[in-house]
Amino acid sequence: MTLPNRWVSQLAALAAWLVAALVFGLWFGGAGWWLAGALALYVAHTLRNLYLLERVLDGHRRVFLFETRGLWAEICARVDKVRAKARSRKKKYHRLLREVRESTNALTDGGIILNAEHEILWFNPAAVRLLGLDPMTDIGHRLDNLLRHPDFVAYLAAPTGEGVMIPSPKEEGWITVQIIPYGEEQRLAIVRDVTREVKLERMRRDFVANASHELRSPLTVISGYLDSLADDPDMPAGWRTPFGEMQRQAERMTRILRDLIELTRLESAERTAPHEFVDVVGMLKLIAKEFQAAGNRPTVGLTLETDVALLGSESELHSIFYNLVNNAVRFTPPTGSVQIHWKSDADGAVFEVADTGIGIAEEQIPRITERFYRVDPGRSRASGGTGLGLAIVKHALQRHQGTLSIRSREGEGSTFSCRFPSSRVVFRAGAARAV
């Protein structure tokens, strides 16, 4: 391995120093003492330079060295260069930190940094405004000790991407809190004031509910007169078709208003449905029988793999089951089939409807539970659909802590599955059977 030039020159200087000491020792006598003295001076000089270098590394200004060139001069120059870069980097980081603080202070959303134990490490002024936090006393405390709402405590124990909405602890209103993991065992809590959005949503629901109730009365009167006129034997033959169309549209409007009122009720109700005993087996038998008796419809089969019941709202559960079966029947040709399944496992119970209908395109599946969204608008209107059935199913399931999953392929049919948690299931003795 080839030594760098600076080390070669340093070793050459040491050798020259020792040779000079040996010459003087031979000239004056006592060569060993001369060599020992030379080595001692060299070690002292090296220790002095190491001491000065250590002071420079500790942050002191550069201390004067006797060397203007050579190894120690180059080392000192390199240290000065590294320190200059470090100072420049430090200024850059301080400037960046100042900009980050100014930007976070300007945010309208609250930001709280938490450690793995949910203890507060830092928060911005918006968090003070939204939650009433105090920088002098709340740093180091667990966030759930300061924000004690049960929904937030449960969410903090198992955060999801959607966040949680709770009443504001400081003033009348609503906030959302979302936990975002980052770094090593750290979390960022984003707090947002959603009072305005909640009020607008409430105004929208109230408007829809009031408009639906107000329109229902005149629509009932119109439908009554249309029925009376349609039954009039003296009505000209040319008017019967227009009156029949008016009756059909009035019936469709009535169904839309009824579903709007039901959807508004579900959105305005408590988040959790009551725990009333519901005989699911008996309910499914009646629903299947209704569709089996209808003419020009696909074959409807019911398979009961369990006789468990549910704890919930009977009307809402009936709405879930009926809407899903009705959708499957409406979008399945008369030559097709619709299979209804009721089964249970260790995780709860599952209601499933599988059909051989037109199916749903993959890109449409995430949107089909939206209000008035239709996979096939023309077919849905022609079959009397309101576009609100699946939205009602979604909200009713949420009130029962259930989940909806959809498997479908365009042209090959669809399968809608509703899973109910075990806390909603009541097990009863009885053998599995098929109908």
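**Figure 1. Arginine 407 and glutamate 352 meet through their side chains in a salt bridge, 3.9 Å from N to O.** A salt bridge here is a side-chain nitrogen of Lys or Arg within 4 Å of a carboxyl oxygen of Asp or Glu. Arginine 407 lies in strand β11 and glutamate 352 in strand β10 (residues 348-355), so the pair ties together parts that are 55 residues apart in sequence. Helices (H or I, at least four residues) and strands (E, at least two) are DSSP runs, numbered from the N terminus. Glutamate 352 also forms a salt bridge with lysine 343, where the closest N and O atoms are 3.9 Å apart. Through shared partners, Lys343, Glu352 and Arg407 are joined into one network. Glutamate 352 is buried, at 13% relative accessible area, whereas lysine 343 is partly exposed at 25% and arginine 407 partly exposed at 47%. Buried means under 20% relative accessible area, exposed over 50%, and partly exposed in between (1.4 Å probe, protein chains only).

The model is predicted: local features need pLDDT of at least 70, side-chain atom pairs count only at pLDDT 80 or more, and totals for chains, interfaces and linings use all residues. Residues are numbered from 1 along each chain as its sequence is written, and side-chain values use heavy atoms, with hydrogens and water left out.

**Figure 2. A salt bridge joins arginine 399 to glutamate 316, with the closest N and O atoms 2.8 Å apart.** The two partners come from distant parts of the chain, 83 residues apart: arginine 399 is in helix α12 and glutamate 316 in helix α10. Both ends are buried, arginine 399 at 7% relative accessibility and glutamate 316 at 1%. The whole structure holds seven salt bridges.

**Figure 3. Helix α10 covers residues 314-330.** Its 17 residues, at 1.5 Å a residue, should span 24 Å, and the end C-alpha atoms are 24 Å apart, which agrees. The expected span is 1.5 Å times one less than the number of residues. Of the 17 residues of α10, 13 are buried, so the helix is largely enclosed by the rest of the structure.

**Figure 4. Phe24, Trp27, Phe28 and Trp34 form a nonpolar surface patch with about 530 Å² of accessible area together.** Helix α1 (residues 5-28) gives the most to this patch, with three residues. Tryptophan 27 is in helix α1 and is exposed, with a relative accessible area of 69%. Patches are made of residues with over 30% relative accessible area and no salt bridge; like charges are joined within 9 Å, and nonpolar side chains (Val, Leu, Ile, Met, Phe, Trp, Tyr) within 5 Å. Accessible areas come from the Shrake-Rupley method with a 1.4 Å probe, and for residues only the protein chains shown count as cover.

**Figure 5. Asp227, Asp231, Asp232, Asp234 and Glu251 make up a patch of negative charge on the surface.** Lys and Arg count as positive and Asp and Glu as negative, while His and the chain ends are not counted. Each charge is placed at NZ of Lys, CZ of Arg, CG of Asp or CD of Glu. Aspartate 232 sits in the loop between α7 (195-230) and α8 (237-268) and is partly exposed, at 31%.

**Figure 6. Histidine 118 has a positive phi of about 65° although it is not a glycine.** Histidine 118 is in the loop between β1 (110-114) and β2 (120-123) and is buried, with a relative accessible area of 11%.
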